[in-house]
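Subject: Structure for your review

Dear colleague,

Please find the structure below, together with a short account of what was found in it. I would be grateful if you would read the two side by side.

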Amino acid sequence: MNPIAAQEFTAEFRDVMASVCTPVTVVTALDGARPHGTTVSAFASLSLDPPMVLVALDRGSDLLTVVRSGGRFGVNVLGRGQDALALTFARKGTDKFDGVDWSLSAGVPRVDAAPGWLACRVADLVDGGDHVVVLGHVEAAARVDHPPLTYHRRTFGTHSAEQE
């Protein structure tokens with residue numbers, strides 16, 4: 001593929017993927033006593049028996065290094081109105097947890113305000129281009145009833161049921 005065609009294809013691929021509505025999560029892990037976290041929209045349920053999920057982490061991320069070494073991670077499923085929290089964890093830096101209420105739960109950092117939460121043990125790591133897909137066995141879960149935070153067309157929103 002020539003460079004111009006490749007750029008056009010990349011832009012079209014990005015636009016198609018931006019039109020897919022995704023959940024917004026903060027994936028966390030513990031490095032000794034220090035919490036790490038990053039905003040992730042590549043998150044999905046994988047299996048009910050056993051309970052498993054998957055998240056995709058950038059190959060160069062500090063969080064992936066921590067997940068690889070510790071073998072555990074948390075998934076904090078964000079809710080409507082938590083777009084500022086998503087943006088906080090989307091940026092680079094080691095101070096993402098500054099001013100964020102969190103606790104250690106089932107061995108992983110849990111963002112206290114997140115309406116959904118999972119604690120996972122790494123089952124496998126699968127290379128996928130510039131990301132690594134982390135498959136996790138879910139060992140603990142909790143939720144409160146609150147509309148989800150979603151990302152669609154490069155904008156935060158929430159889900160609403162279609163009218164019949």
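Which residues of H3 are buried? They are Leu85, Ala86 and Phe89, where buried means under 20% relative accessible area and exposed over 50%, with partly exposed in between (1.4 Å probe, protein chains only). Seen down the axis of H3, these buried residues fall within an arc of 100°, so they line one face of the helix; the arc is that of the directions from the helix axis to the C-beta atoms. The face turned away from the buried side of H3 carries the exposed residues Ala84, Leu87 and Ala90.

Before going further, please note that this is a predicted model, in which local features need pLDDT of at least 70 and side-chain atom pairs count only at pLDDT 80 or more, while totals for chains, interfaces and linings use all residues. Residues are numbered from 1 along each chain as its sequence is written, and side-chain values use heavy atoms, with hydrogens and water left out.

Helices (H or I, at least four residues) and strands (E, at least two) are DSSP runs, numbered from the N terminus. Seven strands form an open, antiparallel sheet in the order E3-E2-E6-E9-E10-E5-E4; two strands pair if DSSP finds at least two bridges between them. Strand E3 (34-40) and strand E4 (43-48) are the edge strands, each pairing on one side only. Five bridges join E4 to the antiparallel strand E5 (residues 51-58), and Leu48 stands opposite Pro51 in E5.

Helix H3 (residues 83-90) lies across E2 and E3, at about 110° to E3. Such angles run from 0 to 180 degrees between N-to-C directions, with axes fitted as lines to C-alpha atoms, for helices over the stretch in contact; contact means heavy atoms within 4.5 Å.

The buried residues of helix H2 are Leu63, Leu64, Val66 and Val67. They cover an arc of only 160° around the axis, which puts them on the same side of H2. These buried residues pack against E2, E3, E5, E6, E9 and E10, whereas Asp62, Thr65 and Ser69 on the other side of H2 are exposed. Gly71, which follows H2, has a positive phi near 75°.

Finally, Thr150 lies in strand E11 (residues 150-152) and, at 9% relative accessibility, counts as buried. Among the residues that Thr150 touches are Cys21, Val24 and Phe156.

Yours sincerely

Definitions and conventions:
Lists of a residue's contacts leave out its neighbours within four places in sequence.
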